[in-house]
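My entries follow in the order in which I looked things up.

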There are 2 protein chains.
Amino acid sequence: VAIIDSKAPFAGANEFNLAPVVGKVTLKVCDIADKEVAPLVEGADYIFNLAGALNHTESMRNPLSDLHANCAAHVSFLELLRKSAPSARVLYAGTRGQYGAPKYLPVDESHPMRSTDANGINKIAGEAYHLLYAKHYDLHACSIRLSNTYGPRHVMTNPGQGVLNWFIRKNLDGEPIELFGGGGQKRDIHFVDDVVDAMLLALASPHTKGEAYNLGGEAMSLKAFAEAVVRLAGKGRVQVRAYPPSFKAVEIGDYQADYSKAEKTFGWKPATPLEEGLNRTLRYYEQYRSYYW
Amino acid sequence: VAIIDSKAPFAGANEFNLAPVVGKVTLKVCDIADKEVAPLVEGADYIFNLAGALNHTESMRNPLSDLHANCAAHVSFLELLRKSAPSARVLYAGTRGQYGAPKYLPVDESHPMRSTDANGINKIAGEAYHLLYAKHYDLHACSIRLSNTYGPRHVMTNPGQGVLNWFIRKNLDGEPIELFGGGGQKRDIHFVDDVVDAMLLALASPHTKGEAYNLGGEAMSLKAFAEAVVRLAGKGRVQVRAYPPSFKAVEIGDYQADYSKAEKTFGWKPATPLEEGLNRTLRYYEQYRSYYW
């Protein structure tokens, strides 16, 4: 097992997450477009390609940087894989951001993709390359499109890496959870362990080559999620704020995924109830806070 | 009026095409991502953004090069436009290649886009950036999706820049026109003057901001087009050949466009009958052959 991480600033790299496996896995600090990646992937059986940038507003400030991270680097990586790991099963982590503002709910995989930000455009292209290489080079590549994820071991130092975990940090810090525009917009919320299960099941299945699958979870408003954090933490409060313009511009309205294709193809559905996931997440960060902020 | 051309090898640059306007326009030889572009576009009223690469098989050999030409360079250019020419009307030249193999005919603009090659993926992204900048920065950008174009002033030195003009060259050279796999696949064929009209009408319309429009023409098989070339030239012949694998892999089957959105929005439809367009094209290259091959 080898882990490749560019340790990009503000992204998720955290050595504490790897402490349980130190000495058992190879860790390489580089970009997936770098040449040093080659010996690590040669003849690999499974590739979990989770590299990328995911900050929507930052992608509008630096679209070319996001384009490199989410598309060009993946094209380099796929060129390497088709030559040096042609039998590998490859999983790409797509995103609900590829769809843009939903035209109908729940959103299935054939919903048109018209992203509201540069990040979504680049993720569409990065995913399309994986599916193209499946068709053109017979590489067993597939994609799962994540919705909003929360849970342990996440980056907790900036809100652009995932709003749900940021809510949890604000609460644990004794600060109010800020809801832009009232927080009424619905999201499909899933716990990180369920996402990991989906990744394992998608790659274990022989039927996923060249296909993309929505993941889903519990559809609820950001306000309802924030209030659950307050309730289960037994402290704190939520606070409604006006939308900052940069957030308003990339806001998509309500989102809910149809994940029946994943369920039918590889038997996945979200298994962790919100209360259980949130309790585990709160306890985790209370215990290991010093490693995350 | 300023013309920016990178004069990329094997692409369309031909000084003879500009001979009628030498001294009346500025010609700058550089990439649209280069800094030297800035003074030329500052305060511009109309931008015909026709930069890009269009060779399907070459895009599979060098996807990163195609990604630069069709996406990264356009992101740089749009970043420049939104700052230094925010009132410009901008036209992007998209392609039917964005759709991939049609799921239904005729193909309208909401047909899913799943390209069969890297070129299509990158063109999807390049177009999406134009429509995003329209929405996000209020830039008046739109896209027209070209089908297969033929006519005078085209590059005639390699088949990857457009199969129709290549057929014409082969015929004028006294060689057989080669049809891969029988040539039964249908294409929507349009004459270059009609495409130019569409570009002018799309930019003259106040209703095109943030939208994409199919262009169409006469739906006919490549074989029928080739036979029309032979008939109107009064010489030569067609020859059926097996598909080379690299072409077979990116072949899309039949294509026919629904261009009613362009017709309704800015009053365009193809106006040049095949016979007229072909006669003008044959006469043009007979007369000016030495400038094109």
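**Notebook: the A–B interface and the core**

I began with charge pairing and found that the count between chain A and chain B is 0 salt bridges; I note here that the model is a predicted one. Turning to polar contacts, I counted 4 residue pairs between chain A and chain B, with both residues at pLDDT 80 or more.

I then looked up which elements of chain A face chain B, and found that α4 (63-84) and α5 (118-137) each give two or more residues to that side, with α5(A) providing the largest share, 11 residues. Sorted by class, I have 18 nonpolar, 6 polar and 3 charged residues on the side of chain A that touches chain B.

For the extent of the interface, I noted that 27 residues of chain A are in contact with 27 residues of chain B, and that the area buried between the two chains is about 2,300 Å², with carbon and sulfur atoms giving 68% of it. M60(A), I121(A) and Y129(A) supply 24% of the area that chain A buries against chain B, which is more than any other three residues.

Next I turned to the largest nonpolar core, which has 55 residues, and I recorded I47, L81 and Y129 of both chain A and chain B as those with the most contacts inside it. Two or more residues of this core come from each of α4 and α5 in chain A and α4 (63-84) and α5 (118-137) in chain B, and the largest share, 9 residues, is from α4(A).

Last, I followed L81(A) and, leaving aside its neighbours within four places in sequence, found it in contact with V41(A), I47(A), P86(A), V90(A) and L139(A).

Conventions: Residues numbered from 1 in each chain as written. Chains lettered and ligands numbered in written order. Predicted model: local features only at pLDDT ≥ 70, side-chain atom pairs only at ≥ 80, totals over all residues. Heavy atoms only, no water. Contact = heavy atoms within 4.5 Å. Buried area = accessible area lost by both parts, 1.4 Å probe. Salt bridge = Lys/Arg side-chain N within 4 Å of Asp/Glu carboxyl O. Polar contact = N/O pair within 3.5 Å; in protein donor to acceptor, adjacent residues only side chain to side chain. Helix = DSSP H or I, 4+ residues; strand = E, 2+ residues; numbered from the N terminus. Nonpolar A, V, L, I, M, F, W, Y, C, P; charged D, E, K, R; others polar. Core = buried A, V, L, I, M, F, W, Y, C linked by side-chain atoms within 4.5 Å. Buried < 20%, exposed > 50% of the residue type's maximum accessible area, 1.4 Å probe, protein only.
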